[in-house]
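I opened this notebook to keep track of what I looked up, in the order in which I looked it up. The structure comes next, and my entries follow.

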Amino acid sequence: MEKRSIFLVVVVLVAALLICGCTQSEVAATEPPQTLRIATTTSLYDTGLLDALTPAFEQEHNAVVQIVSAGTGKALEYGQRGDVDILMVHDRARENTFLEEGYGINRRVFAYNYFVIVGPESDPAGIRGLQPEEAFTTLREKGIEGTEGVVFVSRGDDSGTHGKEKAIWQSAGYEYAADVQQSGEYYIEAGSGMGATLVMANEKQAYTLSDIGTYLAYQGDLTIVPVVDEGDILLNIYSVMEINPAMHPGVNTSIAQDWINYMVSDDVQQQIAEFGVESYGRPLFNAAAGKADTLGIPAEECATPLA
Amino acid sequence: MNEIIQAFFQAIELIITLDPSVMEITLRSLIISFSATLIATVIAIPLGFLIQIHEFYGKKMVINLVQTLYALPTVIVGLFVFVFISRAGPFGFLRLLFTPTAMIIAQTILILPIMTGLTISALTGVDPTIRDTIRSLGANTRQYLGLLVREARFAIIAAIMLGFSRAISEVGAAIMIGGNTQTSAFWTSTRVLTTAISLETSMGNIEFSMALGIILLSIALVVNLVMMRVQQR
């Protein structure tokens, strides 16, 4: 009996291995596909945009696209260590440092949308329609006073969205570490991705800062609504860049450049502009092509193919 | 409450209809953890033997250390392996990060102490009179070891099963080393049962998480049943 059960386990595993072996060899009929590794922000991954864009690329370039979803901070760290070939992030300030230090090259902006401050429908802090900076100031004051129902959930994970949140605090005249973090029980650092943070804010009926894409993608499961959605500072710009092969000779630069050119191609720009209309009634992203002025970025960086 | 029941039935449906993504994740989990257990067995059992049958200076301390590492946190294994295999690390040239291979390495390291320690306990647990009898009947070292394994075999199998259970149920190292990726190719993806449950729950796909949870529990149950079976004999 003992031998038989061990035998059974072995049979099942061998069968499993064979099945995997077969399914894989179907994919790689001719030569083995190359792997493209992308580190991306959770706000981009959670919307499902990349999942929609990868199959066509994989087919065209005989590649397997492997996406690691992490906050922008962690993604930049992966890039700095050379663990990925491509970064897709949304934190201009830190991207600039990353490029200046020589870790990244060939940055292209491929999409943009806006951040929104979402919160309970009843809006206990009374910030609806305010400018983002005013809204944050009010949230902080009411939060410290202990007004019933005023809670703010921060990403707290060093992501691009977290970076934007800090920028808004700064623009409102606060020093993030000294004046905001641990300024009261109203301020909660979630330490997780955009989707998870939205779910948490919803559970607590709290306010949070979210990119509009992830919010719309999660809207079906949420009762919190956008309360502040206007203000220049809320612009959210997504870039793609490759890791400098001079820094990390192992990165796959040719397929990485193919990916960048794919993202800025007319076809994909069109797809980005339409992504989400079917499911959410409106696009989650705007295509970046031709919008250099709106975005305030150099024209050659704006959805222009690599030379 | 209705929601939970509904999710539960949807989960069962996902399992019964052999939903491809559920099956793929389950299969990957099994293969990774089974491989890790196999490698750990090959290392841990001889190592346990060596420690147990030799008398050397500091033996007690070594055993103590091994037993302390039973509680080795998965995230520390994750961190440790990450530093070594990340591209900037000493084994970076192997490009192992975010591969199932790396997850196997991490899980092997994770379960080595517990399997080694339990092997030592298993051998120590063999009745001293049996040991003395084997010796006094004139067995040579080889025969002695063979008989010792025979006597301790149930406890050693238990050690292996426990190692497997710890490997398949851990999430910390799997997410740090694997990155929880899902791709179009089976062997490039690193999403396993535990990491998928964590992600899908955060994305609100409760049915999917529940299906995976039920599978994970069933695996534990099967392992436990096999172990009981073996030990009853």
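I began with the contact between the two chains of this predicted model, and I noted that 26 residues of chain B and 31 residues of chain A take part, two residues being in contact if their C-beta atoms, placed from the backbone, lie within 7 Å. On the side of chain B that touches chain A, helix H2 (20–53) and helix H10 (206–232) of chain B each supply at least two residues, and H2(B) gives the most, with four residues; helices here are DSSP runs (H or I, at least four residues) and strands likewise (E, at least two), numbered from the N terminus. I sorted that side of chain B by class and found 14 nonpolar, eight polar and four charged residues, where Ala, Val, Leu, Ile, Met, Phe, Trp, Tyr, Cys and Pro count as nonpolar, Asp, Glu, Lys and Arg as charged, and the others, Gly among them, as polar.

For reading the labels, I noted that residues are numbered from 1 along each chain as its sequence is written, and that chains are lettered from A and ligands numbered from 1 in the order in which they are written. Local features need pLDDT of at least 70 and side-chain atom pairs count only at pLDDT 80 or more, whereas totals for chains, interfaces and linings use all residues.

Next I looked at chain B by itself, which has 10 helices and zero strands. Its C-alpha trace spans about 65 × 45 × 30 Å along its principal axes. Chain B averages a pLDDT of 90, and 100% of its residues score at least 70, pLDDT being the predictor's confidence in each residue, from 0 to 100. For the complex, I wrote down an ipTM of 0.75 and a pTM of 0.81 from the predictor.

Which residues have the most contacts inside the largest nonpolar core? They are Phe110(A) and Ala106(B), in a core of 140 residues; such a core is a set of buried Ala, Val, Leu, Ile, Met, Phe, Trp, Tyr and Cys residues joined through C-beta atoms within 7 Å, and buried means that 20 or more other C-beta atoms lie within 10 Å of a residue's own. Helix H5 (residues 100–124) of chain B gives the most to this core, with 15 residues. Not counting residues up to four places away in sequence, Phe110(A) touches several residues, including Tyr238(A), Met263(A) and Ala303(A).

Definitions and conventions: A residue is buried if 20 or more other C-beta atoms lie within 10 Å of its own, exposed if 12 or fewer, and partly exposed in between; C-beta atoms are placed from the backbone.
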